[in-house]
Amino acid sequence: MADSSAVLPDDPLHDGLRRVTACCETHLEMVRAAYRQRPFVQEELWAGKIGRVLTSGRPVLTMTELACRTGLDEPDIRRAIAWHNERRRRPDG
């Protein structure tokens, strides 16, 4: 299922996809319905990719290195950081 909060620690090819398990077809449809209501926020996915890089492997020293290791370009990295910071400022965030 599409889910912008799904960033896997060791499987970047499947970022943005949430694996779900259900006990029956009815339960699976309930899970699908819940995910359909949740918006896919590109900046959330990018922030997750950045977080994964920053918390694993060698330290990132430059924006160029961060871009290389995340596969994002600088404007997308800046949008992801802004999204993350805005979310942290919210009382419910």
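## Overall architecture

From the N terminus on, the elements of the chain run α-α-α-α, and the secondary structure comes to 4 helices and 0 strands, where helices (H or I, at least four residues) and strands (E, at least two) are DSSP runs numbered from the N terminus. This is a predicted model, in which local features need pLDDT of at least 70 and side-chain atom pairs count only at pLDDT 80 or more, while totals for chains, interfaces and linings use all residues. Residues are numbered from 1 along each chain as its sequence is written, and side-chain values use heavy atoms, with hydrogens and water left out.

Along its principal axes the C-alpha trace of the chain spans about 50 × 30 × 20 Å. Of the 93 residues of the chain, 27% count as buried, a class defined as under 20% relative accessible area, with exposed meaning over 50% and partly exposed in between (1.4 Å probe, protein chains only). Among contacts (heavy atoms within 4.5 Å) in the chain between residues at least 6 apart in sequence, 46% join residues at least 24 apart.

## The nonpolar core

The largest nonpolar core has 10 residues, namely W46, A47, I50, V53, L66, A67, L72, I77, A80 and W83; such a core is a set of buried Ala, Val, Leu, Ile, Met, Phe, Trp, Tyr and Cys residues joined through side-chain atoms within 4.5 Å. Helices α2 (42-54), α3 and α4 each supply at least two residues of this core, and α2 gives the most, with 4 residues.

## Packing of α3 against α4

The axes of helix α3 (residues 63-70) and helix α4 (residues 74-89) come within 10 Å and cross at roughly 90°, these axes being lines fitted to C-alpha atoms over the stretch in contact, with angles running from 0 to 180 degrees between N-to-C directions. The two helices are therefore roughly perpendicular to each other, the term used for angles of 65 to 115 degrees.

On the α3 side, M63, L66, A67 and T70 meet E74, I77 and R78 in α4. By class, this contact has 4 nonpolar, 1 polar and 2 charged residues, with Ala, Val, Leu, Ile, Met, Phe, Trp, Tyr, Cys and Pro counted as nonpolar, Asp, Glu, Lys and Arg as charged, and the others, Gly among them, as polar.

## Cysteines

With a disulfide taken as a pair of cysteine sulfur atoms within 2.5 Å, the count comes to 0 disulfides. The sulfur of C24 is 4.0 Å from the closest cysteine sulfur, in C23, which is too far for a bond. C24 is partly exposed, with a relative accessible area of 38%, whereas C68 is exposed, with a relative accessible area of 66%.

Note on methods. Parallel < 35°, antiparallel > 145°, perpendicular 65-115°, else oblique.
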